[in-house]
Amino acid sequence: MIWFRKRIQPLETIARTGFLTSLVSYITFWLFDIIQPGFVSRYFSVHIFLLGAVIFGLWWSSAMDDYIERPGIQLLFALVFGILLAVLTFALSKDMSGYRLILSLISFTIPWIVLRLLKS
Amino acid sequence: MTFFVRLIQLVIIVIPIILFGWLATQWFVPSGVFFSSHIVGQASPFITELQPSSRVGEVRMSDGGNWEQPIVDDPAFFFMHPHREFASVDVEVWFKNDTLGVVELGGLSSVEPERYTLKPLHNKIIEDSTWSRIDQDGMVLLQRNNRYESLESFYSNPPARNDVAVYRTDYDVPYRLDSYTASSVTKTMDVSLRGHHELKTYIKDEALLFDFQYMDMNRDEGEDSISVLVFNEEGLPVAEARASDDGNISMDARPSGLEKLSLRVDGLPEGVYKLVINAPRDIFFRKVHTPQSKAVFLNTVFIGDEVAYREPPDGTRFWTNTERMVMQTRHAEGVQDVSVDGETLSIAEPYQWYESVPGDGLSEVRVPAGDLEIVMEGKIAFIKSQYFNPDPINITAYTDLETLDVDYVLGEYVSPRKEGDWLVSIVSFGADELYAEDDGTWKISFSTPLVAQFDTEVLVHKINTWFYRNLPKL
């Protein structure tokens with residue numbers, strides 16, 4: 001067996017760090033702004049981190065040579081975001097009465113559809 | 001190479017951490033003081049633009065290169081949105097006022113009824129006076145003839161009460177009616193008064209006695225309990241009477257019968273007593289019975305409608321010493337012709353404030369149909385013989401100091417400082433003086449009486465705020 005030391009791809013590493021940091025920051029700042037309205041949005045838009053995530057994400061995808069398929073993590077993310085979307089839809093659709101449950105279920109399926117589209 | 005990559009990674013990760021730390025600092029205000037500045041025309045998350053647009057002009061650039069916005073009608077206001085709880089706030093206003101006698105800043109302190117705690121920004125009556133002036137510890141004393149050398153000598157040997165006019169302060173020399181004699185004859189104020197009111201009465205060798213007959217009209221949801229608190233001249237509570245809800249907390253508009261709340265306090269020393277009648281808008285006082293020879297309501301009265309009490313309504317009549325009052329009705333049934341000293345003031349449509357400036361002396365006001373909110377600074381007697389004015393003369397925008405029959409003016413007032421062309425004044429509000437909406441918003445209003453009548457304007461350039469929080473003791 002021959003052991004190779006993993007070589008650092010500088011641009012990919014930076015782009016990945018930027019993407020993950022932006023994504024985690026976006027979720028964290030956004031949650032804090034929901035818990036305490038104005039915590040962030042009084043000073044700047046929380047979506048600035050989303051913009052960062054998109055830019056770094058695009059960069060990362062173009063700089064990436066190969067990647068490891070992790071279906072378990074993908075399914076976990078789809079499940080978490082599906083539940084989150086369903087809860088948000090249910091909470092924000094009080095006026096939709098009879099359609100509320102159906103809309104929540106449709107919301108739950110969106111991450112799965114997106115995942116399927118990305119994989120295809 | 002690896003080092004630089006790691007360094008860039010570190011920078012990318014540290015940036016949001018620093019940002020979060022900064023936001024947390026803004027939120028927790030560890031220093032105890034949070035500063036925010038607002039120049040007119042520029043957005044601020046803490047202070048809104050001046051409103052409404054009908055009472056303020058467009059933001060414009062002054063000759064000196066500063067943004068300014070004119071206030072052209074009264075009152076203009078703005079909202080403050082503190083991002084957390086604060087114990088107090090200092091509001092610094094940069095403004096210009098060349099014409100108006102009094103410019104004040106008022107914090108909305110209650111909404112039912114709407115009341116403001118007014119504090120001075122600029123008093124040109126005091127500023128322009130040729131009387132001798134002493135400024136000391138936030139107080140000002142004007143003297144027609146220079147008799148006192150300091151405020152200490154003024155306080156230690158004060159002049160007679162009717163020789164002094166006051167501005168936003170109290171005068172501690174007690175009010176006494178030497179020729180007063182108590183009456184045993186009960187008098188009845190036959191007037192429908194809606195909700196919260198305040199009145200003053202004079203007591204000397206007699207019991208304080210008030211019987212309130214009222215109805216719970218059940219037009220709003222919730223309990224409608226009443227409390228009447230009695231305060232002495234030191235502002236201390238000395239007695240209280242309470243009545244609970246009629247048992248109907250719905251908003252079915254089914255009125256209770258005529259209920260009665262009695263207040264009797266014996267053994268009070270001679271003096272002026274203030275009654276604060278705390279009641280929600282559902283409570284309509286229909287009659288007030290009292291043997292007291294002197295009793296006047298203060299500043300604001302809400303003459304209620306008489307639906308389900310007596311129809312057609314009888315309305316009411318009262319006497320007041322106010323120099324200016326405004327009134328409005330909220331219903332079409334309240335449209336009527338009010339008479340002020342024989343002159344007609346038409347209340348032509350609901351939700352429109354109408355102004356009357358009766359001038360000096362006691363004015364007689366007839367309200368034929370009731371259902372009218374009347375706001376003023378003055379005393380109101382529903383029985384003429386009960387009228388008295390236990391408070392010193394107040395300096396208002398309508399005051400002509402030279403013709404006023406006083407020799408002294410005592411005020412809690414500090415002259416604005418000059419910053420270039422601007423006058424700069426600071427007023428402080430405690431959080432307990434401000435009514436906070438559910439999201440903590442405070443409403444602050446400019447009081448600029450006569451600004452429209454004089455066809456003039458007050459210019460505002462900048463509003464700085466310092467929010468103070470009580471830090472926990474370590």
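Predicted model: local features only at pLDDT ≥ 70, side-chain atom pairs only at ≥ 80, totals over all residues.
User: What makes strand 3 and strand 33 of chain B a pair?

Analyst: Their bridges. Strand 3 (residues 67-71) of chain B joins strand 33 of chain B over three bridges, in the antiparallel sense. Pairing needs at least two bridges in DSSP, so three is enough.

User: What makes the set around I71(B) and V458(B) the largest nonpolar core, and which residues touch the most other members?

Analyst: The largest core has 54 residues. I71(B), V93(B), F95(B), V409(B), V458(B) and V460(B) touch the most other members. To belong, a residue must be buried, of a nonpolar type such as Val, Ile or Phe, and joined to the set through C-beta atoms within 7 Å. V409(B) illustrates the contacts: beyond four places in sequence, V409(B) touches I126(B), L142(B), A165(B), Y167(B) and I395(B). Another core, of 46 residues, lies apart from the largest one and includes M215(B), I277(B), F318(B) and A369(B).

User: Why are strand 8 and strand 28 of chain B said to stand at the edges of their sheet?

Analyst: The sheet is open, with five strands in the order 8-9-29-10-28 and mixed pairing. Strand 8 (132-136) and strand 28 (393-394) each have a single partner strand, so one side of each lacks a neighbour in the sheet. For strand 8 the partner is strand 9 (residues 139-143), antiparallel over five bridges. D135(B) stands opposite V140(B) there.

User: Why does G342(B) count as exposed, and where is its place?

Analyst: G342(B) has 8 C-beta neighbours inside 10 Å. Exposed means 12 or fewer, so G342(B) falls in that class. Its place is the loop between strand 23 (336-340) and strand 24 (343-347) of chain B. G342(B) is 320 residues from W22(B) in sequence and 65 Å away, C-alpha to C-alpha.

User: How much of chain B is buried, and what are its dimensions?

Analyst: Buried residues make up 35% of the 474 residues. Each has 20 or more other C-beta atoms within 10 Å. The C-alpha trace spans about 100 × 65 × 50 Å along its principal axes. Chain B holds three helices and 33 strands. Among its contacts with a separation of 6 or more, 77% join residues 24 or more positions apart.

User: Which domains are assigned, and how far apart are their centres?

Analyst: Chain B is assigned domain 1 (1-30), domain 2 (36-171 + 392-474) and domain 3 (187-316 + 375-390). The C-alpha centres of domain 1 and domain 3 of chain B are 62 Å apart. Chain A is assigned domain 1 (1-67) and domain 2 (68-120), with C-alpha centres 22 Å apart.

User: How many residues are in contact between the chains, and what is the make-up of the chain A side?

Analyst: 13 residues of chain A contact twelve of chain B. The chain A side divides into six nonpolar, six polar and one charged. A contact here requires C-beta atoms within 7 Å.

Notes:
Residues numbered from 1 in each chain as written. Chains lettered and ligands numbered in written order. Contact = placed C-beta atoms within 7 Å. Nonpolar A, V, L, I, M, F, W, Y, C, P; charged D, E, K, R; others polar. Helix = DSSP H or I, 4+ residues; strand = E, 2+ residues; numbered from the N terminus. Domains from an automatic or database assignment.
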